[in-house]
Amino acid sequence: MKVSARNVFKGRVSQVEEGSVNAEVVLSLEGGEQLVAVVTLQSLRSLGIAPGTEALALVKAPWVMLMTDAEGIRLSARNCLQGKVISVTDGAVNAEVVLELSGGSQVYSIVTRDAVTELGLAPGVSATAVIKASHIILGVPA
């Protein structure tokens with residue numbers, strides 16, 4: 001499978017909570033981190049997602065927000081993944097920032113060059129990747 005999303009996380013579904021329209025799916029990644037995704041019930045059923053199912057989580061890099069100094073901050077975003085910056089690649093307007101999580105997974109984010117400067121993002125700096133559950137697309141092996 002080839003996709004344009006920079007973030008492709010492989011994991012196993014550890015929990016599913018169904019609502020009246022949507023379901024919340026918890027995906028445990030190979031490195032131990034967890035991602036929470038919100039999908040429609042129709043998607044849940046058509047993909048056959050249930051606890052134990054292998055799945056992929058796709059997240060486009062512009063959908064990944066970054067923050068530093070996250071202590072004491074509470075967000076509505078379900079996914080806040082702590083890591084260290086391993087690279088920053090500057091473009092004309094934006095930059096690609098890559099975080100490595102403690103379990104070894106890498107998270108790619110596209111942010112403005114101003115944000116890189118304001119947050120002090122550079123290799124070795126601790127940062128948190130923030131991903132809304134509704135920005136995660138789930139897929140399963142065919």
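Colleague: Over how many bridges do strand β1 (residues 7-18) and strand β4 (residues 54-59) pair in the antiparallel sense?

Modeller: This is a predicted model in which local features need pLDDT of at least 70 and side-chain atom pairs count only at pLDDT 80 or more, while totals for chains, interfaces and linings use all residues. Residues are numbered from 1 along each chain as its sequence is written, and side-chain values use heavy atoms, with hydrogens and water left out. Strands are DSSP runs of E with at least two residues, numbered from the N terminus, and two of them pair if DSSP finds at least two bridges between them. F9 of β1 has A57 in β4 as its bridge partner, and the antiparallel pairing of β1 with β4 runs over six bridges.

Colleague: Which residue in β2 is the bridge partner of G11?

Modeller: β1 also pairs with strand β2 (residues 22-29), in the antiparallel sense and over seven bridges, and a hairpin of three residues joins β1 to β2. Within β2, the bridge partner of G11 is L29.

Colleague: As what does G31 count at 30% relative accessibility?

Modeller: G31 lies in the loop between β2 and β3 (34-40), and its C-alpha atom is separated by 12 Å from that of V107, 76 residues apart along the chain. Buried means under 20% relative accessible area and exposed over 50%, with partly exposed in between, for a 1.4 Å probe and protein chains only. Because its relative accessibility is 30%, G31 counts as partly exposed.

Colleague: Which are the edge strands of the open sheet of five strands?

Modeller: The sheet has the order β5-β9-β6-β7-β8 with antiparallel pairing. Strand β7 (residues 94-101) pairs with β8 over seven bridges, and A95 stands opposite V111 in β8. Pairing on one side only marks the edge strands, β5 (65-67) and β8 (106-112).

Colleague: Which three residues supply 37% of the area that domain 1 buries against domain 2?

Modeller: The protein is divided into domain 1 (7-59 + 133-139) and domain 2 (61-131), with bounds from an automatic or database domain assignment, and their centres, taken over C-alpha atoms, are 22 Å apart. Between them the domains bury about 1200 Å², 59% of it on carbon and sulfur atoms, where buried area is the accessible area (1.4 Å probe) that two parts lose on being put together, summed over both. The residues that supply this 37%, more than any other three, are N7, E33 and H135.

Colleague: How many salt bridges does the count between domain 1 and domain 2 give?

Modeller: A salt bridge is a side-chain nitrogen of Lys or Arg within 4 Å of a carboxyl oxygen of Asp or Glu. The side chains of E24 and R78 meet in such a pair, at 2.4 Å from N to O. Between domain 1 and domain 2, the count is one.

Methods
Helix = DSSP H or I, 4+ residues; strand = E, 2+ residues; numbered from the N terminus.
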